[in-house]
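Hi,

Here is the structure I promised to pass on.

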Amino acid sequence: MNPAEIRLTDLTLTHARRPAVHHVSGRFAPGSLTAVVGPNGAGKSTLLRALAGLHRPETGRIEGAAGQIALLPQAAAVDRAFPIACLDVVLFGLWGETGAFRAIGRAGRERARAALAAVGLAGFEARPAGSLSAGQFQRLLFARLLLQDAPVILLDEPFNALDARTAADLLAMVHRWHGEGRTVVAVLHDLDLVRREFPLSLLLARDCLGWGPTAEVLTAANRLRARMMAEAWAAEPEPCERRDAA
Amino acid sequence: MGCLALAAAAPPLGLFLMLRRMSLTADVLAHGILPGVAAGFLLAGLSLPVMAAGGLVAGLAVAVGAGALSRATGGREDASLAALYLVALATGVALVSWRGSAVELTTLLFGSVLGVDDAALLLMAGSSTVTLVALAFAWRPLVLECFDPGFAQAVGARGAWWHAGFLALVVLNLIAAFQALGTLMAVGLMMLPAIAARHWARQVGGMTYAAVAIAAASAYGGLLFSFHADVPSGPAVVLAAGFAWLLSVLCGPVDGLLPRLLRRPHLAG
């Protein structure tokens, strides 16, 4: 795996002209394992979407990310009621190789079965995806990520609402990816988990409050600042002002 | 014959419409072709090519318009669609009544097998062939776009284009069906078998086969009924499909009512 370095230069992302990510600069080194933390509404998900090319920057640049990213969004976007078998869901991970038309073949099917086994869903091939529990479904999406085989993997709150065992299994998968030299970026809320398992952190509260080794970023002072900024947005969300001042 | 061709192609489309929670959209499209068909009728009488062309134009316009409308009104799609189809229906009926007789109006709205000539048969067979081939090609992107549109976008699958092409297929099938079934009833052969199929299979593939089988049986049964009881063909076929749907709700193995009532508690026996 040879992921490129991803550089953010003065990046601002907006929703209807309100800033969600505000003048952030920095870099994700190749093969790094970074946690993105911050209060709700801090722009964490928006940042991941922008990295994946799904959200156009208002100003600033993202370099080095194009074409090598797999994104696991928060699960809400999937139609769980859709009648489809688990194996077929995983096989969509091959889209980058097959596109809409090319045949999948036996090798692809074998890889999909292996991916299901790797996330602990062996034997689930023909089960309807809608019959899975939340934890099993998250495992299924991880299997699809495995098949995508991307150099850069973005995870948006991957361990939400999972029991300890499932979270531990999936976390092991994250470390496996890290060990294979992939760049992994995960949005997380569990700060204890971040301190234990993630060497680097980005503390985001629209503005970047810290980006570096986790112990230096997640200080009490920084977290207090983040919380105060979040309370200030709730009081009066304002359009971007720094550009006028500059 | 023609109806069997329709029965092969329309239900898979209906299935996707249902799975995308767009059952109402199909209804709107069916009503949307009426003003076009009526305009064709005004220009050239009961001439199939002109009416079909008019319907095609109107249907595509409504499909595009409905999409634009739902974006413009911020996702309150159902209300705008209901408004659109009432207007389309009223316009169509007014246009036909202006020049035509009540009999012709009934023929357009509810269909008549006797009105099906060679040209109409060719249209049905042709559109059915085109639809099945196109569906075979577009199967994977369509399933992905329904199941996980976010992922489809992330991997660059161009869901919107597939979706537009899919709507065009829907319009094409409605046009092909209106001669035999009537504009109001054409959508019935598309949606009812699809809805019924939900009770017979758990996966898209199986549902498709079930839907086609149900549609073919309803078309055949409905036409027999229409011929012997002297009922317009459209309502007869749709009634047959409706009966199949009722049967599926009652007896279908997946979420049917009877199997649920008969199911024993999990510790018994």
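In α5 of chain A, the buried residues are A:Gln138, A:Arg139, A:Leu140, A:Leu141, A:Phe142, A:Ala143, A:Arg144, A:Leu145, A:Leu146, A:Leu147 and A:Gln148. Buried here means 20 or more other C-beta atoms within 10 Å of the residue's own, against 12 or fewer for exposed and partly exposed in between, with C-beta atoms placed from the backbone.

Before going on, note that this is a predicted model: local features need pLDDT of at least 70, side-chain atom pairs count only at pLDDT 80 or more, and totals for chains, interfaces and linings use all residues. Residues are numbered from 1 along each chain as its sequence is written, while chains are lettered from A and ligands numbered from 1 in the order in which they are written.

Back to α5(A): 11 of its 15 residues are buried, so the helix is mostly covered. Helices (H or I, at least four residues) and strands (E, at least two) are DSSP runs, numbered from the N terminus. This one covers residues 134–148 and spans 21 Å from first to last C-alpha, close to the expected 21 Å at 1.5 Å a residue (1.5 Å times one less than the number of residues). Just past its end, A:Asp149 has a positive phi of about 55°.

What does α5(A) pack at an angle of about 10° with? The partner is α6(A), residues 164–179, with the axes 10 Å apart. That makes the two helices roughly parallel (angles under 35 degrees; over 145 is roughly antiparallel, 65 to 115 roughly perpendicular, the rest oblique). Axes are lines fitted to C-alpha atoms, for helices over the stretch in contact, and angles run from 0 to 180 degrees between N-to-C directions. A:Gly135, A:Gln138, A:Arg139 and A:Phe142 of α5(A) meet A:Thr166, A:Leu170 and A:Met173 of α6(A), where contact means C-beta atoms, placed from the backbone, within 7 Å.

**The sheet**

Chain A also has an open, antiparallel sheet of 3 strands, ordered β2-β1-β4 (strands pair if DSSP finds at least two bridges between them). Its edge strands are β2 (18–28) and β4 (59–63), each pairing on one side only. β1(A), residues 6–15, pairs with β2(A) over 7 bridges, and A:Ile6 stands opposite A:Phe28 in β2(A). Helix α1(A), residues 44–51, lies across β1, β2 and β4 of chain A, at about 120° to β1(A).

**Chain A against chain B**

Finally, 17 residues of chain A are in contact with 20 residues of chain B.

Cheers

Notes: Two residues are in contact if their C-beta atoms, placed from the backbone, lie within 7 Å.
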